[in-house]
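Student: I have a chain open and want to go through it with you. Can we start with one residue and then zoom out?
Tutor: Fine, here it is.

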Amino acid sequence: MKRALAAAAALVVSLAVPAYADSSVVTIYSADGLHDGKGSWYETQFDAFTKATGIKVQYIEGGSGGVVERIAKEKSNPQADVLVTLPPFVQRAAADGLLQNYTPEAAAQIDGGAPMYQPLVNNYMNFIYDSAKLSAAPASYKDLLDPKFKGKIQYSTPGQAGDGTAVMLQVIHAFGSEEAGFDFLKKLQHNNVGPSASTGKLTALVNKGELFVANGDLQMNMSQMADNPNIKVFWPAGTDGTRSTFALPYYIGLVTGAPNGDNGKKLIDFLLSKDVQATVSSIAIGIPARKDVTPTDANFTRLHDAMQGVTVWQPDWNEVLRKLPAYVKRWNEATGS
């Protein structure tokens, strides 16, 4: 979720001029992960939305922090109608007035939403390893300090990428304190290749053996396995021997001052509709946000099986948002980045 801002396909509009209402288009800025590969969930559902409404979807993709930064820079002249990104960046967007209240038709069927945003696809942070180079996944975080991983580990940048921020939070949780967590990240820096603005691009590097271990998220990595057959997901154990993770949903919200706000509402309602949510696991290999959708497809079974034995904990995202600048500063100091 997580590559530097880049337009997808040929859907970019000129952003140098004021945006005017156009009943035939809707513009979505999104963290990457749901548009991966031909026949992706976004591609499939955007086509269905256009067919149902006549409204063309203009799609722009970036890192989960990058898309929010772009909307912030455009605040006086909004270009986007809909934002999809990860925590804590969606909370930052709401706190900074970049999102407006909108209650989707599906809100009663979705847990974890707020007046300005709702979960779109549920997801979890994880790591990946190269199964062609390693006979088994590293069992614990401390195993990642082994010299054999020197220059073979990379994770996306905390504060810029939602997945990279998730690594920092997960390490603090796994080691039981901020002090111990940042001490581990300092030691890990001996093996770490360095910052990466993109989580998504790390997958190919692991698949080719250029990296042995990288971070990721379950939906994105499971979707990428068809094209990257050597990667496998794993969760290393913390100091208490527990393998754990936390929910990292894609959230969707309506941008403040959206030039085509009515179309934005239509797209949000469409993506959260029961029929579309029913395709989340089968196409996106994610977990539907709606409570009244219970998948039975093979991909949902894969997701369920992958997380066997993994404990799920819940961050306080408001606290994370409050502490994030200090966390990023400590990470920069610990890693020299």
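**A residue, then the chain**

Tutor: L202 has 0% relative accessibility, so L202 counts as buried. Keep in mind that this is a predicted model.

Student: Which helix is L202 in?
Tutor: Helix α6, which covers residues 200-207, contains L202.

Student: And what is L202 in contact with, leaving aside neighbours within four places in sequence?
Tutor: With those left out, the contacts of L202 are Q154, Y155, S156, S196, L211, A214 and N215.

Student: How far is L202 from N101 in space?
Tutor: The C-alpha atoms of L202 and N101 are 35 Å apart, and in sequence the two are separated by 101 residues.

Student: Switching to D217. Where does it sit?
Tutor: D217 belongs to strand β9, residues 213-217.

Student: Buried or exposed?
Tutor: D217 is buried, because its relative accessibility is 0% and the cut-off for buried is under 20%.

Student: What does the D217 side chain reach, then?
Tutor: The backbone nitrogen of M220, at 2.9 Å. The D217 side chain also has a polar contact of 2.7 Å with the side chain of N123.

Student: Next, Q58. Which strand?
Tutor: Q58 is part of strand β3, which runs over residues 56-62.

Student: OK, zoom out. How many helices and strands in the chain?
Tutor: The chain has twelve helices and 14 strands. Its radius of gyration is 19 Å, close to the 20 Å from the globule rule for 337 residues, so the chain is as compact as a globular protein of that length.

Student: What does the C-alpha trace span?
Tutor: About 60 × 40 × 35 Å along the principal axes.

Student: What share of the residues is buried?
Tutor: Of the 337 residues, 58% count as buried.

Student: How about contacts between residues 24 or more positions apart?
Tutor: They make up 79% of the contacts in the chain with a separation of 6 or more.

Student: Last one, charges. How many positive and negative side chains?
Tutor: There are 30 positive and 32 negative side chains, and the centres of the two sets are 4 Å apart.

Technical notes: Residues numbered from 1 in each chain as written. Predicted model: local features only at pLDDT ≥ 70, side-chain atom pairs only at ≥ 80, totals over all residues. Heavy atoms only, no water. Helix = DSSP H or I, 4+ residues; strand = E, 2+ residues; numbered from the N terminus. Rg over C-alpha atoms; globule rule 2.2 N^0.38 Å. Buried < 20%, exposed > 50% of the residue type's maximum accessible area, 1.4 Å probe, protein only. Contact = heavy atoms within 4.5 Å. Lys, Arg positive; Asp, Glu negative; His and termini not counted. Charge placed at Lys NZ, Arg CZ, Asp CG, Glu CD. Polar contact = N/O pair within 3.5 Å; in protein donor to acceptor, adjacent residues only side chain to side chain.
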